[in-house]
Amino acid sequence: MSLLSPATRATLLKDIRLEWRSKDALNSMLFFSLLVVVIFSFSFNPTAEESRVIAPGLIWVAFLFSTVVALNQTWARELRNQALDAYRVSPASPNSLFLAKVLGNLLFVGVLEAVMAPLFVVFYNLRSVGSLWQLLLVAVLGTYALVINGTFFAALSLRTRMREIMLPVILFPISIPAIQSMVEATRVIVTGEGTSRFPIVLLLTYDVVFTTASVALFGLILNAE
Amino acid sequence: MKRAFLILAAVTALLLIYATYQALVVAPTERTMGDVQRIFYYHVPSAWTAGCLFFVNLVASVIYLIRRSSWSDALAASAAEVGVIFCTIVLITGPLWARPVWGIWWTWDMRLTSTLVLWLIYVSYLLLRRFSDSAQTPVLAAVLAIFGALDVPLVYFSIWFFRTQHPQPVMGNGGSLDPRMLHVFLLNLGVFTLFGALLCWARFHIETVRRQLDETRALEALLDDGRTGSSPARSTR
C-alpha cells in the first residue's frame with residue numbers, strides 16, 4: 001500500500017469502503033454472472049468431454065459481461081456532486097486516479113471470479129488437466145486486460161448518450177485479441193492439449209501495450225469536458 | 001478548389017468506367033473459378049482503399065491530438081466514414097465470391113476475421129462520434145482511433161496463430177498472376193484508391209462547410225440579442 005501515492009490510496013480505499021457498505025456492484029455482478037451461467041446451461045447442454053472444451057469460452061463471456069457491469073458504475077459515482085471536477089482541479093496526477101480505479105475494478109472482478117469459478121466447476125463438472133497456478137496466471141492476465149481497457153473506455157464513454165451501451169460497443173471490438181487469447185489459454189490448460197505459451201505471451205503483450213497507451217492518454221481524457 | 005474537385009471527379013469517373021470495362025470484359029477468364037473471379041478486381045482494391053483511409057484516420061487523429069486543428073478532426077471523421085464504406089464492400093463481396101468458389105459464405109479464418117474486427121473497431125469509432133455529446137468529442141474520438149490502431153497488429157497476431165485457412169493470395173507465393181490480369185488488377189487498385197480519395201475529399205468538404213455553418217449560426221444567435229429580424233454580423237459565405 002505504501003507504494004501507492006496518497007491520492008491513489010485514498011481513492012481506492014474510498015471505493016472499497018463505499019462498495020463494502022452498499023455492496024451494490026458486487027451483488028448485481030454476482031447475480032448477473034450466475035444468470036448468465038444458467039442461461040448458457042439451458043442453451044448448450046454439453047457432455048462432460050464437450051464441456052471441457054466449451055466451458056472456458058462460456059466462463060470468460062460470463063466474466064466479460066459482469067466486468068462491464070462493474071465498469072459502468074466506476075465513473076458514474078464520481079459525476080455526482082462534481083467529484084470528478086474536483087479531481088481534475090486537484091494537484092494529484094490524473095494517473096493516480098486511474099490507477100486507483102483500475103485496482104478497485106481488479107479487486108471487484110477478482111472477487112467475482114473467485115466466487116463464480118467454483119460454481120462453474122460444479123455446473124459443468126469440470127476437471128482441469130493443467131495446474132491451478134497456470135489457470136491463476138491466465139485469470140490474472142486476462143482480467144487485467146479487460147479491466148485496463150474497460151476502465152479507460154468507461155472514462156471515454158462517460159459523456160455520451162446511451163452510456164451503458166457505449167462502453168461494451170467500444171470495448172468489445174478492441175478486446176477481441178485478448179478474449180481470444182484468454183479463452184484459448186484456459187482451454188489448453190483445462191484440456192491439456194497444445195501449448196499455452198503463445199496465448200499467454202500475447203495476453204502479456206496486450207496488457208503492456210494498453211497499459212502504456214492508457215497511462216499516456218488518460219490525462220487527456222480526464223480533462224476533456 | 002472547386003474546379004480541381006470537379007476535374008478530379010470527371011477523371012475518376014472516366015477511369016472507373018474504363019477500369020470496370022477492363023475488369024468485366026477485357027480481362028481473361030480465370031481457369032478454375034470462371035467469371036466469379038472478376039470480383040477480385042473490386043474486392044482487393046476496396047480492401048486496400050479501406051486500409052489507406054484508416055491509416056489517414058490514424059495520422060489525422062494524431063495530428064489533432066498534437067495541434068488541435070479543426071481540419072485534422074474533420075479529415076479523421078471523413079476518412080473513417082469512407083473507410084467503413086469500403087470495408088463493408090469488402091465484407092459483402094468476399095462472401096459473394098466465397099460461396100460459389102469455396103461452397104461456404106463465411107469462415108473464421110485469418111483474413112476474413114481480421115477484416116471483420118477492423119470493421120467493428122471503426123464502426124464503434126463512428127458510434128462514439130455520433131453518441132458523444134461533449135465539445136471534446138474530437139479528443140475522445142482521436143484517442144479511440146489510436147487505441148484501435150494499436151489493436152490492429154494484435155488482432156492479426158492472435159488470429160494468425162489461431163486460425164489459418166485462407167488460400168494463399170494469387171499474387172504472392174510463386175502462384176503468379178497472368179500479366180493481363182495483373183495489369184487490370186493494378187489499374188483497378190489505382191482507380192479505387194483515387195475514388196476513395198475523391199469520396200473522402202467530398203465528405204471532408206461537406207464536414208468543413210457544416211462546421212462553418214454551425215459556427216456562423218452560433219455567432220448570429222449570440223449577436224442577435226433580441227433585435228427582431230436583423231443581426232449585425234451576417235456572413236456572406
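Predicted model: local features only at pLDDT ≥ 70, side-chain atom pairs only at ≥ 80, totals over all residues.
Reader: Let's start with the two helices in chain A. Why are H5(A) and H8(A) called roughly perpendicular?

Author: Helix H5 (residues 94-124) of chain A and H8(A) pack at an angle of about 110°, with axes 9 Å apart. Angles from 65 to 115 degrees count as roughly perpendicular, so H5(A) is roughly perpendicular to H8(A).

Reader: What makes the contact there, residue by residue, between H5(A) and H8(A)?

Author: From H5(A) you have A:Pro94, A:Asn95 and A:Phe98, and they meet A:Ser214, A:Val215, A:Phe218, A:Gly219 and A:Leu222 of H8(A). By class, that contact has 5 nonpolar residues, 3 polar and no charged.

Reader: What is the make-up of chain B in helices and strands?

Author: Chain B has 6 helices and 0 strands. Its elements run α-α-α-α-α-α from the N terminus on. Of its 237 residues, 32% are buried. Among contacts in chain B between residues at least 6 apart in sequence, 74% join residues at least 24 apart.

Reader: How do you know that chain A touches chain B, and with which elements?

Author: There are 26 residues of chain A in contact with 27 residues of chain B, where contact calls for C-beta atoms within 7 Å. Helix H7 (163-191) and helix H8 (197-222) of chain A are the elements giving two or more residues to that side of chain A. H7(A) gives the most, with 10 residues. That side of chain A holds 18 nonpolar, 4 polar and 4 charged residues.

Reader: Which residues have the most contacts inside the largest nonpolar core?

Author: That core has 116 residues, and those with the most contacts inside it are A:Leu156, A:Leu203, B:Ala76, B:Ala79, B:Leu140, B:Val143 and B:Leu144. H7(A) gives the most to the core, with 14 residues. Take B:Leu140: leaving aside neighbours within four places in sequence, B:Leu140 is in contact with A:Leu156, A:Ile221, A:Ala224, B:Leu128 and B:Ser132.

Reader: A:Gln82 has a positive phi. Is A:Gln82 buried or exposed, and why?

Author: A:Gln82 isn't a glycine, yet phi is about 55° there. A:Gln82 sits in the loop between helix H3 (48-79) and helix H4 (83-89) of chain A. With 10 other C-beta atoms within 10 Å, A:Gln82 is exposed, because exposed means 12 or fewer.

Reader: And what makes A:Met162 exposed?

Author: A:Met162 has 12 other C-beta atoms within 10 Å. The cut-off is 12 or fewer, so A:Met162 counts as exposed. Phi of A:Met162 is near 55°, again positive in a residue other than glycine. A:Met162 lies in the loop between helix H6 (132-156) and H7 of chain A.

Note on methods: Residues numbered from 1 in each chain as written. Chains lettered and ligands numbered in written order. Contact = placed C-beta atoms within 7 Å. Helix = DSSP H or I, 4+ residues; strand = E, 2+ residues; numbered from the N terminus. Nonpolar A, V, L, I, M, F, W, Y, C, P; charged D, E, K, R; others polar. Axes fitted to C-alpha atoms, helices over the stretch in contact; angles between N-to-C directions. Parallel < 35°, antiparallel > 145°, perpendicular 65-115°, else oblique. Buried ≥ 20, exposed ≤ 12 C-beta atoms within 10 Å, placed from the backbone. Core = buried A, V, L, I, M, F, W, Y, C linked by C-beta atoms within 7 Å.
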